[in-house]
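Please take a moment to look over the sequence and the structure shown below.

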Amino acid sequence: MKVCVFGSGEAVGEHVVKFLDAAGHDAATMAETENRAEELKMHGAAEVFISESGDFSKALAGADAIIYMPGAGSGAAESQDALVDHDAVSAALEAARHEQVGRIVYLSAVRTGEPEETKETGGKHKPEAWMEESGLTYTVIRVSKAVSKPGKGTIEAAESLDGEVADMPYEDVAAVLVEALDNENTFRKTFEVTAGETGIKEAMDAL
């Protein structure tokens, strides 16, 4: 499967490219410089295109799916005013429709367990609605704060998680995104994830 990765410049994105390669998928993504393109290829990207005025048509061409990670990712503060470039998300959706890409996995800017009053900060919730109305086979994933520490390969996942949430390693966030690609139990669903003790596939199979 060819997967177009938006947001590979972030720490989570590097792990996504690596996991896609390990799973036998071809990751296509974009970079701002030739040096960064070479780094992403070293992580396992099959194709890396140098960004040109936001034109991602080359990366999308022939893609079967998209993994989209907003630039600020889930490590930004909940109170931050602008966490998502809404126009960029919308443009990606429209481009996906044009290229007839039917599958999208979206890492939401809304965090697991985030209070209702902050979900609308900077319009973080809007892309989730766009996914649901897009006609695409979407998966929207909300994760707890992502941090740089070794992955465990275990999580807790549910439509809505109650109680305390724990920081998630970048590696585990990436593994969740890649697992969701082919896991039909996640299709057309929005769910929350945090660190836990259940294997990633097992937790998502139980949603």
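**The sheet and its surroundings**

Nine strands make up an open sheet with mixed pairing, in the order E3-E2-E1-E4-E5-E6-E10-E8-E11; strands here (E, at least two residues) and helices (H or I, at least four) are DSSP runs numbered from the N terminus, and two strands pair if DSSP finds at least two bridges between them. At the edges stand strand E3 (47-50) and strand E11 (198-199), each with a single partner strand, so one side of each is left without a neighbour in the sheet. This is a predicted model, in which local features need pLDDT of at least 70 and side-chain atom pairs count only at pLDDT 80 or more, while totals for chains, interfaces and linings use all residues. Residues are numbered from 1 along each chain as its sequence is written, and side-chain values use heavy atoms, with hydrogens and water left out.

Within the sheet, strand E6 (residues 137-143) and strand E10 (residues 189-195) run parallel and are joined by five bridges, and Val-140 stands opposite Thr-190 in E10. Helix H1 (residues 11-22) packs on the sheet, where it touches E1, strand E2 (26-31) and E4, contact meaning heavy atoms within 4.5 Å. The direction of H1 makes about 175° with that of E1, where axes are lines fitted to C-alpha atoms, for helices over the stretch in contact, and angles run from 0 to 180 degrees between N-to-C directions. Helix H6 (residues 126-133), in turn, lies across E5, E6 and E10 and runs at about 155° to E6.

A search of the whole structure finds two aromatic pairs; rings of Phe, Tyr and Trp (its six-membered ring) pair if their centres lie within 6.5 Å, and planes under 30 degrees apart count as stacked, over 60 as edge-to-face and the rest as tilted. Phe-6 and Tyr-68 are stacked, at 5.1 Å centre to centre and with 20° between the planes. This pair links distant parts of the chain, since Phe-6 lies in strand E1 (residues 2-6) and Tyr-68 in strand E4 (residues 65-68), 62 residues apart. The rings of Tyr-68 and Tyr-106 have their centres 5.9 Å apart and their planes at 40°, so this pair is tilted. It too links distant parts of the chain, with Tyr-68 in strand E4 and Tyr-106 in strand E5 (residues 103-107), 38 residues apart.
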